[in-house]
Amino acid sequence: MDYVAALDRAIGRLHEEGRYRTFIDIERRKGQFPNAVWTRPDGSQKPITVWCGNDYLGMGQHPEVLAAMHEALDATGAGSGGTRNISGTTVYHKRLEAEIADLHGKEAALVFSSAYIANDATLSTLRAIFPGLIIYSDALNHASMIEGVRRGGGEKRIFRHNDVAHLRELLAKDDPATPKLVAFESIYSMDGDFGPIEAILDVAEEFGALTYIDEVHAVGMYGPRGAGVAERDGQMHRIDIINATLAKAYGVFGGYIAASAKMVDAVRSYAPGFIFTTSLPPVVAAGAAASVRFLKTEAGQALREVHQAKARTLKMRLKGLGLPIIDEGSHIVPVHVGNPIHCKMISDMLLENFGVYVQPINFPTVPRGTERLRFTPSPVHGPEEIEKVVKAMDALWQHCALNRAEATA
């Protein structure tokens, strides 16, 4: 086989379909978020504003987070030195897990190298803990959840997105004595819609199923202490396992689960994705703990309120232009384009002509024909930045002669 030719064909297909992923080389500078510097392929530099980052609240630049990381760096050095079982557990890891457990009102928490690994490792390991487990998974669950369900083997059922009646139908068909788990998300990041948490929990309890929620795009962002949508809705105590990240609203790195002490003990004892992975550097754990701690406070709640106001403002301004906004009420602002080539072209022009960086979202992240630009405003995107991005989108929508009919209410 001509392996080089096969590689060329595989990459060529992505170019032909307009969904080849280009990495934009940016430099974040302390104290200047959301502004950054883009280094072009020719080496020249251009100031830009980041509109697609996952550091939703700018906590990656927060003084308390940076101070905690400096202290840990000076105290311990760079790395953790091993897996959690072999010299890689420090006081910083234990403090972080205590902060997370307190955040979610659970007995214990377990930190992983990412929320992807936390989902994959936990969901695949639950099969070993509960033999014969059937997992009922929302059709739009994140790739990490899908992979965890797949890798664990065993039976699975896919229920239509946010369709509680379909979930009930599937649960009713299976043996009542069989162990069951319902896996879903609180916010689905591509459309920004919410999962019907209370209704799903009601059905799960009716059929004796465990529940597993991914709050990756909600922790730090919702609820009086930032524990997520389940906290906001008063449902957190009813959920068996909560998964989330430290790399989005908390602005650092890593992922975790929070659950009962016995559940966490079982996962940490059986999950290869936890057992055989080097633990987070203490400096990262320290910064994450400081971020979680800060966002539990009244100051954190004030930051959340400013953030929601900025998201509402951007939606209102873009809707006023007749752009096809997908507005499900969350902080995520998707603008529907519907064509991968157009999506990439608008993204490129926003960056080059206006200094606005928003990455195109194409298949397989979203279904074909639903390609979009996904804006993530932050509390520190000021009126000038919002005005600039609104004018840029208006100009480019007109230039490309794209539809201005609204996608959703």
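Leaving aside residues up to four places away in sequence, which residues does F363 touch? The answer is R19, R21 and R368, where a contact means heavy atoms within 4.5 Å. Before going on, bear in mind that this is a predicted model, in which local features need pLDDT of at least 70, side-chain atom pairs count only at pLDDT 80 or more, and totals for chains, interfaces and linings use all residues. Residues are numbered from 1 along each chain as its sequence is written, and side-chain values use heavy atoms, with hydrogens and water left out.

Back to F363: look for it in the loop between β15 (360-361) and β16 (372-375). Helices (H or I, at least four residues) and strands (E, at least two) are DSSP runs, numbered from the N terminus. F363 counts as partly exposed because its relative accessibility is 26%; buried is under 20% relative accessible area, exposed is over 50%, and partly exposed is in between (1.4 Å probe, protein chains only).

Now for the core. The largest nonpolar core has 59 residues, and L96 and V182 have the most contacts inside it. Such a core is a set of buried Ala, Val, Leu, Ile, Met, Phe, Trp, Tyr and Cys residues joined through side-chain atoms within 4.5 Å. As for L96, its contacts beyond four places in sequence are V111, L246, L280, A285, A288 and A289.

At least two lining residues come from each of α3 (91-104), β4 (108-112), α9 (261-270) and α10 (272-275), with α3 giving the most, four. By class, this lining has eight nonpolar, two polar and six charged residues.

There are also three cavities of 30 Å³ or more in the whole structure. The largest cavity holds about 90 Å³ of space, and its lining includes R84, H93, F112 and F274. Both β4 and α10 supply at least two residues each here. On a 1 Å grid over the protein atoms alone, a cavity is a set of points where a 1.4 Å probe fits but cannot get out, while a pocket is an open set with protein on both sides within 12 Å along at least five of seven lines; lining residues have an atom within 4 Å of a point.

How values were computed
Nonpolar A, V, L, I, M, F, W, Y, C, P; charged D, E, K, R; others polar. Points joined across faces, edges and corners; volume = space filled by probe spheres on them.
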